Amino acid sequence: MKSLLNRETATGLLVTGFGLSTTLYAQSHYKLGTFRTPGPGLFPTLVASALTVIGACLLIQSLVQRQAAEATEFEYRPFLMVLLSIAAFAVIFPYAGYGPGVFALAVIAGFADTQLKFVHKLALAAVVTVIAVGLFRGILGVRLPILGMGGF
Amino acid sequence: MKAIFAALAACFVSSAALAEDFPSRQVTIVVPYSAGGVTDTYVRKLQPELQKRWGQTIIVENKPGSGSLLGAMDVASADPDGYTILVTAYGVISNEVLMPEAPFELSDLSPVYMLGRGSNMLIMRPDYPMDGIEEITAWAKEHPGELKLASSGVGASPHIAAELWASKVGVDYLHIPYQGSAPSRLDVMAGRVDGMMDGVSSVSYVRSGDIKAIAIAAEERHPSLPDVPTFREAGIDFVFGTIFGVYVAKDTPQAVQDEIYAAFDEAANVPEVHEMFVTQGLDATHRTQAEFKEIVAQELVQLEGLVEEGRLTPQ
Amino acid sequence: MDSILSNALMGLEVALMPTNLWFCFLGVFLGTILGVIPGIGVLVAISLLFPITFHIEPVAALVMLGGIYYGTTYGGSTSSILLNVPGTPSSAVACLDGYPMAQKGRAGTALFMTTVASFFGGTVGIIALMGFSPMIAASALKFGSAEYFGLMVLGLVAASTIASGSMFKGIAMVLIGILMGLVGSDVYTGTLRFTFGQMALFEGISIIALAMGIFGVSEVITSIRSVKRAGNADHDITFRAMLPTRAEMRASWMPMIRGSAIGSFFGALPGTGGLIASYMSYATEKRIGRAEEFGKGAIQGVTGPESANNAADQTAFIPTLTLGIPGSPTMAIILGVLIIHGIEPGPMVLVNQPDLFWGLVMSFWVGNLMLLVLNIPMVGLWVRLLKIPFHLMYPAILMFIVMGVLTTYNNVIQVWVLLLLGAFGYVLRYLGFQAAPLILGFVLGPMMEEHFRRTLMLSGGDFGAFFDSAISQVCLGSAVALVLYGLYVSFSGRARRGKAGEAVNEG
C-alpha cells in the first residue's frame with residue numbers, strides 16, 4: 001500500500017528468514033541419515049524447509065493482495081511494563097525470596113496502566129503480595145523462600 | 001554450575017548432623033519412568049515397608065523422559081543428603097556409555113542397593129513363521145538387516161539385550177526404538193515389527209497368545225514359563241537382564257547410605273515383597289553395596305565392548 | 001453395551017468418592033471464576049491451577065483439571081452476555097445474541113438458558129465419549145506409526161486452516177510449534193537439538209512456561225487496554241428474571257439437540273474444538289431459523305452454540321485418552337499434565353487403568369451437574385465479580401502466572417523463559433498470528449517425528465507406507481482437501497469470518 005514494506009510483507013520476510021536459517025542450521029549440525037535410517041537432522045530439516053516455503057507464500061500473498069490488515073496498535077506501554085515486571089521478579093527472587101519479588105512485580109506491572117495513583121499502586125501491590133504468600137505458603141504449603149535465600 | 005551448587009549445599013548442610021537422625025523429614029523416591037511400569041510397581045510395593053521403618057512420608061515421583069536421564073539428573077543434582085533417592089532400571093548405566101555428552105555422569109550417583117536382576121526374553125509376533133531360536137538365528141544370518149526388533153528406547157535393556165545377542169551370534173538386525181515398552185509391545189502384537197527382547201513382564205501376553213516367547217536370556221527357565229528354553233540350552237551363551245537399583249547423589253554421607261541400604265534390604269526381604277520379585281523372575285540374591293558397585297562397573301565394560309564393535313553408537 | 005453400563009457404574013463409584021467429589025467441586029468452581037474473568041481462558045486457567053494438582057492422586061488431579069476445563073467454558077459465556085467481552089475465546093459466539101438479550105433486560109434468562117444448554121450439551125458429549133472411546137481403544141492395534149502420523153497431520157492442518165484468519169499464518173504457526181517442540185534431546189539418539197548449550201533447554205521448552213507466556217502474559221498485555229474500553233457490567237439479576245418464557249423454552253430444544261450433535265463431532269475431530277463447533281451451530285441455526293432475528297437477541301443463537309461448545313469439550317477427550325493424540329491446545333496441556341503425573345495416554349489406559357478412565361468420565365457428569373446447580377444461585381456473584389475493574393485484577397493475574405511457573409519447575413530460569421515466550425507471544429499476536437496452532441504443533445511435533453521416522457524405518461525408506469492403510473488415506477486425503485479449500489479461500493480474496501479469526505486463540 002503506502003510503503004513497499006508493510007506489516008504483512010515484513011511478516012513474510014521474517015518467516016522465510018527464520019525457516020531458511022533453521023533449515024541450514026539443522027542440516028549442518030545434525031546427521032540427516034537416510035530415509036531408511038533417518039537421523040536426528042532429517043525431520044527438523046524437512047519441517048524448516050516447509051516453513052521457508054510457507055514464508056514465501058505469505059510474502060507472495062502480501063504482495064499480490066495488498067490488503068490492509070486490521071491495524072492493531074502495538075501497545076508499547078503494557079508490553080514493556082509487563083515484561084519488566086517479570087524480569088524484576090526473576091532478578092529479585094534468587095536474592096530476596098518471592099515476597100519482595102511479587103511486590104516489585106505488582107508495582108511495576110501497575111505502570112502498564114495509567115488509572116491508579118502511585119500510592120494506590122503500592123497498596124495494590126501490597127495486597128497482591130499478601131495474597132501470594134497466603135495462598136502459596138498458607139494454603140498450598142509450597143516451600144519456596146518468601147524472604148531471603150534460605151529456608152524461611 | 002554444578003560445582004557452585006555443591007559448594008552452596010555444603011555451606012547450608014552439615015552432613016554430620018544429618019546422618020544421625022536420617023530420615024527426619026519426608027523422603028522422595030524418584031522413578032524415571034511412567035507410573036504403572038515395572039520399576040514403578042516395585043517401588044510402590046516397597047514404599048509402605050520403608051515408611052514403616054522410617055516413620056516418614058515417602059513420596060514417589062515419576063519423572064519419565066530421555067531414557068531415564070531426566071530423573072537421574074534430578075537426583076544427581078539434589079542435595080546429597082539422602083532425601084532424594086533414585087530407583088531405576090538399566091538406562092542409567094547404558095546412558096553413561098551411549099550419551100557421553102549428556103549433562104550427567106553415572107559417577108554423580110552412588111549405587112546403594114541392588115533390588116535384583118531381571119532377564120530379557122525374545123518375544124515374536126504371533127504370526128511369525130518360525131518358533132525356534134536356532135531357526136530364527138540362522139534366518140537372521142542369511143538376511144542381514146531384515147529382522148526387525150523393537151525396543152522400549154535407545155539404551156534401554158531390550159535394546160542392549162538385542163545388541164548383545166546379535167554380537168554373540170554375529171547377525172545384523174534392524175533396531176526400531178519406541179518410547180516405553182507398552183507401545184513397542186503393541187506393535188509386536190500388531191505384527192508391525194518381528195519381535196523384541198522384552199522384559200519378563202510380558203509373561204501375561206505370552207499366556208494370552210498375543211505374542212509368542214522364543215527364548216529367555218537367563219541361567220534357568222522362568223518359573224511362569226516352563227516351556228520357554230534359555231538361550232544357553234540352544235548353545236548361545238547369552239544371559240542378560242535389566243538391573244533394578246537404588247542410587248543417591250554421590251556426596252551423600254556413607255552413614256546415610258548405609259541406612260538407606262539397610263532400609264531397602266529389609267523392605268525387599270519382607271516375604272510378600274520377596275515373593276513378588278521371585279514370581280516376576282527377578283534374581284534377587286542378596287548383594288552388598290560393594291558387590292552392586294562391582295556389577296555396575298562390569299556392565300560398563302560390557303557396554304564399552306559393544307561400542308568398540310560398532311554395535312552401539314554414542315551420541 | 002452391558003460392559004459400558006457396568007464400567008459407568010464403577011466410574012461413578014470412583015467419581016463419588018469424597019476426595020474426588022471435593023476436587024471436582026474445586027475444579028468447576030475455580031474454573032467458573034477464572035472463566036468469568038476476561039483475559040483468562042481455559043489454557044491460562046489450567047496452567048495456573050495445575051501446580052495445585054501436583055500433590056494429589058492422579059485421578060483426583062485429573063478430575064479437578066477436567067472440572068477447571070469445562071467450568072471455564074461455563075463461566076466464559078457469562079461475561080460474553082453481560083459485557084460483550086468473551087470471558088474465554090471459545091465463548092465468543094455467546095456475545096452475538098447473548099449481549100443483545102442482556103440489553104433488552106433479559107440477561108437473567110440468557111444466563112439461565114446458557115447453563116441449561118451447557119448441561120445438555122455436556123451430557124450428550126459425555127455419552128458420546130463413553131460410547132466411542134472403548135471402540136477406538138479396541139481398534140488401537142489398527143493404528144501403527146503411519147496411521148498416527150496421518151491423524152496428526154490431519155489435526156494440525158485442520159487447526160491451521162479451519163480456524164484462523166490466514167491459512168499460511170496458521171500453518172506457519174504449526175511448523176514453528178513443531179520446531180519448538182523438537183528442542184531438547186532426540187528420542188531416537190539422544191542428540192541435543194537447538195539447545196545452544198543452554199542447560200534450561202536440555203529437557204525441551206516447558207509446556208507450562210510456553211502456554212503461560214504465549215497465552216497468559218500476552219493476553220494480559222492485550223487486555224489491559226481492551227477490557228478498559230469495554231466498560232463494566234451493570235445488572236442486577238433476580239431468580240425470577242432468570243426463568244425463560246414457555247416460547248423461549250420451545251424455541252431452544254431443537255437448537256440444543258442439533259448443537260450437541262455438531263459439538264460432539266467437532267470436539268472429537270482432532271484440530272477443531274469448541275469454538276468452531278459453536279460457530280457451526282450458530283450458522284446452522286441462522287439458516288434454519290429466521291435470519292433477521294439473529295444478532296438481536298434470539299435465544300436459539302445462545303442455546304445452540306452453548307450446547308455445541310460444551311459437547312465438544314467432552315468429546316475432545318476421545319482422541320486424547322484413547323490414542324494419546326490431543327485434539328486441541330487445551331487437550332495438549334492436559335496430555336502434558338497426564339504425562340507429568342506419570343500416566344501414558346493411549347489405548348492401554350482403558351485396559352490398565354479403567355478406574356482412572358471411567359472415574360474421570362463419570363466425574364465429568366457429576367461436575368456438569370454441579371455446575372448446573374451451582375451456577376443458577378451464583379449468577380449474582382459472577383455479576384459482582386465482573387464489577388471489579390481489570391486494572392485492579394491484572395497484577396494479581398501476572399503474579400499467579402509467574403508463581404505458577406516458579407512452583408511448577410522450582411527454577412527461576414523458567415521465569416526468564418516465560419518472559420521471552422511472553423514477548424514472543426505478544427509480537428505474534430501483533431503480527432496477526434494465532435497462538436493455538438503453535439501449542440498444538442509443539443505437543444504433536446515430537447510425536448510426529450517419532451512416527452515419521454519409525455514409519456520410514458519399518459518400510460525401508462518407502463514413502464508409500466504413509467498411504468498404505470485406509471485410515472491413513474482418509475486422514476491424509478482430508479488434510480489435502482482442507483489445504484485446497486484453504487488455498488481457494490485465501491486467494492479468492494473472500495473475507496473470512498472476522499470475529500472467529502480473532503477469537504480462535506484457544507479452543
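Between chain A and chain C, eight residue pairs are in polar contact, both residues being at pLDDT 80 or more. A polar contact is a pair of N or O atoms within 3.5 Å; within protein, one must be able to donate a hydrogen and the other to accept it, and residues adjacent in sequence count only if both atoms are side-chain atoms. The model is predicted, with local features needing pLDDT of at least 70 and side-chain atom pairs pLDDT 80 or more, while totals for chains, interfaces and linings use all residues. Residues are numbered from 1 along each chain as its sequence is written, chains are lettered from A and ligands numbered from 1 in the order in which they are written, and side-chain values use heavy atoms, without hydrogens and water.

One salt bridge is found across the interface of chain A and chain C. E8(A) and K169(C) form a salt bridge through their side chains, at 3.0 Å from N to O; the term stands for a side-chain nitrogen of Lys or Arg within 4 Å of a carboxyl oxygen of Asp or Glu.

The contact (heavy atoms within 4.5 Å) involves 68 residues from chain A and 64 residues from chain C. About 5900 Å² is buried between the two chains, with 79% of that area given by carbon and sulfur atoms. Buried area is the accessible area (1.4 Å probe) that two parts lose on being put together, summed over both. On the side of chain A, F43(A), E75(A) and I86(A) lose the most area to chain C, together 11% of what that side buries.
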